[in-house]
Amino acid sequence: MSIKIEDVDYIYSLNTPFQKEALSGINLEIKKGDLWLIVGHTGSGKTTLISLMNGLILPYKGNVSVDGMSTKDKKVNIKNIRKKVGIVFQYPESQFFLPTVKEEILFAPKNFGIEIKDDVLKYYLDLVKLPYNYLEKNPFELSGGEMRKVAIISVLSYNPDYIIFDEPTVGLDYSTKNFVYSLIEELLKLGKTIILSTHWISEFTSFKPNVFVLKSGKELFKGEFDNFVLQDENALTQAGIVLDEKLQLYKCALKKKNFELANKISLI
Ligand SMILES: Nc1ncnc2c1ncn2[C@@H]1O[C@H](COP(=O)(O)OP(=O)(O)OP(=O)(O)O)[C@@H](O)[C@H]1O
Ligand SMILES: [Mg+2]
């Protein structure tokens, strides 16, 4: 069971003056239960890659499949793929359009023909630490962090196996950022597969994620976190990735094979 991306190219606005090859020659397999960080410069293709994973866009060349179902296969009901792969887009709250939090949360599952009982709804509110009476509030009356939580529940509510976060902590304050990290930890414990694009790699050190580095639409690196940190720093810098102080220390500890120290640093 996995999301498989095989030899994928993606081109925006084909055959127009705005034609843009956003991805080229991408291969990636995301296995169930894993955590992947998708990192790279702004414009490197992260959101494009994510959008391919649930069939929101289709590859120009190559194939994307989810648990064996190809997003291009006309015999596959795309809803079955979308239900398995939930995406929390950047600033998801900008897409709110219903009068209450409850309706906003129930919109996506309703689309998939899933009925959400009140106790399930309450389970998710507990998970993101929002009071129950928020269900009747107008979503636009919430704070930025609370809105993000509602947007996250609206994806969690249909129980996708793969959950993708596109820059989940952008624009959030410190405590909501920490909430997002702990939620991701919780979701991994529940056996979910998590894929997230982020500029904040260092925060995820203790999670030991897999990392996929994009540079101008091409793969620069793919693999385990420790190998990522040990990559040539110039190459990473060119891809817009700077190892902060914590990661520099972590790298030193790895180089000295002092794994106990590396572990301690990862928890800072
Ligand atoms: N709808 C579109 N039409 C044309 N070009 C697009 C479109 N969306 C994205 N692009 C281009 O494709 C490339 C990849 O964009 P993408 O949004 O995937 O990058 P990103 O890594 O997510 O960037 P960011 O970190 O800024 O979110 C960029 O050069 C971008 O300008
Ligand atoms: Mg993006």
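Modeller: Start with K257, which sits in the loop between α9 and α10. Keep in mind that this is a predicted model.

Colleague: Why is K257 called exposed?

Modeller: K257 has 8 other C-beta atoms within 10 Å. The cut-off for exposed is 12 or fewer. So K257 is exposed. Its phi is near 55 degrees, a positive value in a residue other than glycine.

Colleague: What makes S216 partly exposed?

Modeller: S216 counts 16 C-beta neighbours inside 10 Å. Exposed needs 12 or fewer, and buried needs 20 or more. The value falls in between, so S216 is partly exposed. S216 lies in the loop between β9 (210-215) and β10 (218-224). Its phi is positive too, about 45 degrees, although S216 is not a glycine.

Colleague: How do you know that M53 is buried?

Modeller: M53 has 24 C-beta neighbours inside 10 Å. The cut-off for buried is 20 or more. Therefore M53 counts as buried.

Colleague: Where is M53, and what does M53 touch?

Modeller: M53 is in the loop between α1 and β4 (61-66). Leaving out residues up to four places away in sequence, M53 touches I3, V64, V85 and I164. M53 and V66 are 13 residues apart in sequence, and their C-alpha atoms are 7.6 Å apart in space.

Colleague: Now the helices. Why are α9 and α10 called roughly antiparallel?

Modeller: Two packed helices are described by the angle between their axes and the distance between the axes. For α9 (residues 245-255) and α10 (residues 259-266), the angle is about 165 degrees and the axes are 8 Å apart. Angles over 145 degrees count as roughly antiparallel. Therefore α9 and α10 are roughly antiparallel to each other. Their crossing is left-handed.

Colleague: Which residues make the contact of α9 and α10?

Modeller: From α9 come K246, L249, Y250, A253 and L254, and from α10 come L261, A262, I265 and S266. By class, the contact has seven nonpolar residues, one polar and one charged.

Colleague: At what angle do α3 and α5 cross?

Modeller: The axes of α3 (residues 101-111) and α5 (residues 144-156) cross at roughly 35 degrees and come within 7 Å. The crossing is right-handed. V101, E104, I105, F107 and A108 of α3 meet V150, I153, S154 and V155 of α5. The contact of α3 with α5 holds seven nonpolar residues, one polar and one charged.

Colleague: Which residues of α3 are buried, and what do they pack against?

Modeller: V101, E104, I105, L106, A108 and P109 are buried. The buried residues of α3 pack against α4 (118-127) and α5. After α3 comes G113, with a positive phi near 75 degrees.

Colleague: Last, the ligand. How many residues surround ligand 1?

Modeller: The shell has 13 residues, and Y12, T42, K46, T47 and T48 are the closest. By class, three are nonpolar, eight polar and two charged.

Colleague: Which elements supply the shell around ligand 1?

Modeller: β2 (20-31) and α1 (46-52) each supply at least two residues. α1 gives the most, with three.

Key:
Residues are numbered from 1 along each chain as its sequence is written. Chains are lettered from A and ligands numbered from 1 in the order in which they are written. This is a predicted model: local features need pLDDT of at least 70, side-chain atom pairs count only at pLDDT 80 or more; totals for chains, interfaces and linings use all residues. Axes are lines fitted to C-alpha atoms, for helices over the stretch in contact, and angles run from 0 to 180 degrees between N-to-C directions. Helices (H or I, at least four residues) and strands (E, at least two) are DSSP runs, numbered from the N terminus. Angles under 35 degrees count as roughly parallel, over 145 as roughly antiparallel, 65 to 115 as roughly perpendicular and the rest as oblique. A crossing is left-handed if the near helix is turned anticlockwise from the far one by less than a right angle, and right-handed if clockwise. Two residues are in contact if their C-beta atoms, placed from the backbone, lie within 7 Å. Ala, Val, Leu, Ile, Met, Phe, Trp, Tyr, Cys and Pro count as nonpolar, Asp, Glu, Lys and Arg as charged, and the others, Gly among them, as polar. A residue is near a molecule or strand if its C-beta atom, placed from the backbone, lies within 6 Å of it.
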